[in-house]
Amino acid sequence: MLIERPAWFVLAERWWRACVPHLARHSLPVGCSPDGQLIVRCSDAARTTVLRLGAPKITDRLNAQRPPGVPEISTVRVVQPPPVPTEVHTHWADLVGADLAQDVRPDYLTDWGQELTTEARSAEARDLLARRAPVVLARLRALLPDTSITRLRLSSLRPVRVLIASSPQFTDRDGLERTLMDVWFDVSQTEGPEHPLFLTHAGETKADQMVEKWAMDIADTTPLTSSLRVLTSLLPPSPRQTDSAQHQENARLADGPYDLCVEFAAHEGEHLPLAELARKCGVNTWQHLEESPQTRSAPSR
């Protein structure tokens, strides 16, 4: 990708900060492309995702508030933050110790490459790495004298990743929410209550919207001290003009890794292609069948 910095680019940073002050601490324009894209780099992977999702609205805001002499931009293009150096992955066991290397792994860089984040399988592994941090950083500087990494972030615990497959006809909100709570309860019992639940869906059905709403309600109503944390990942759809393209998209979605697939079917015998592919990939699947309106409204005895 060719990155240019024309004469007007000296105004880019101030222009960017004025238009997106909530993102400006963690993102910065680094140039533009010949076809008018504004190239922006973020401080970490999470904010890269946020900025990519908001790029169309941000582009409109930037064009509406252009300083004199600045041309209209075609879009905001977000580039990935710097990756974890290959040497860190190669020598990870030497850096953290062979006894810990399988339970904690390097994840990504944040804070403009100065902080290495990690993901741990357990709270015990996370805490052990925290105690070893000074030694790990000293070994890292010996391995890579010119590294920008100056600190380790306290590891996040490995999320339990759940793929959602849902029928376009599914409307049983109460059943869906009960099933999701059951999933979280089982996760907290088998993996431990500190592991977040990460739900992945395609955002194409009413059930997908129910999943997103449930996760938002959990985030709004659950105290920060609670162990219940739910994250959702909306996987962007690809063009699907043919059955073959549909199959390819489902294969892309099913290519995890996932710990579980939850299938919300509208009726018995309904086969959801995404769930079928997940099964072929060896993913354990839970199925929730929608209750009939008569069953839902029947009084309990």
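Reply: Let's start with glutamine 169, which is exposed, with a relative accessible area of 51%. Exposed means over 50% relative accessible area, buried means under 20%, and partly exposed is in between, using a 1.4 Å probe and protein chains only. Before going on, note that this is a predicted model, where local features need pLDDT of at least 70 and side-chain atom pairs count only at pLDDT 80 or more, while totals for chains, interfaces and linings use all residues. Residues are numbered from 1 along each chain as its sequence is written, and side-chain values use heavy atoms, with hydrogens and water left out.

So where does glutamine 169 sit? You'll find glutamine 169 in the loop between β8 (160-166) and α7 (173-190). Those labels come from DSSP runs numbered from the N terminus: helices are H or I with at least four residues, and strands are E with at least two.

If you skip the neighbours within four places in sequence, glutamine 169 is in contact with Ala266, Glu270 and Glu290, where contact means heavy atoms within 4.5 Å. There's also alanine 207: it is 38 residues from glutamine 169 in sequence, and the two are 8.6 Å apart in space, C-alpha to C-alpha.

Zooming out, the protein chain has eleven helices and twelve strands. Of its 301 residues, 43% count as buried. Looking at contacts between residues at least 6 apart in sequence, 69% join residues at least 24 apart.
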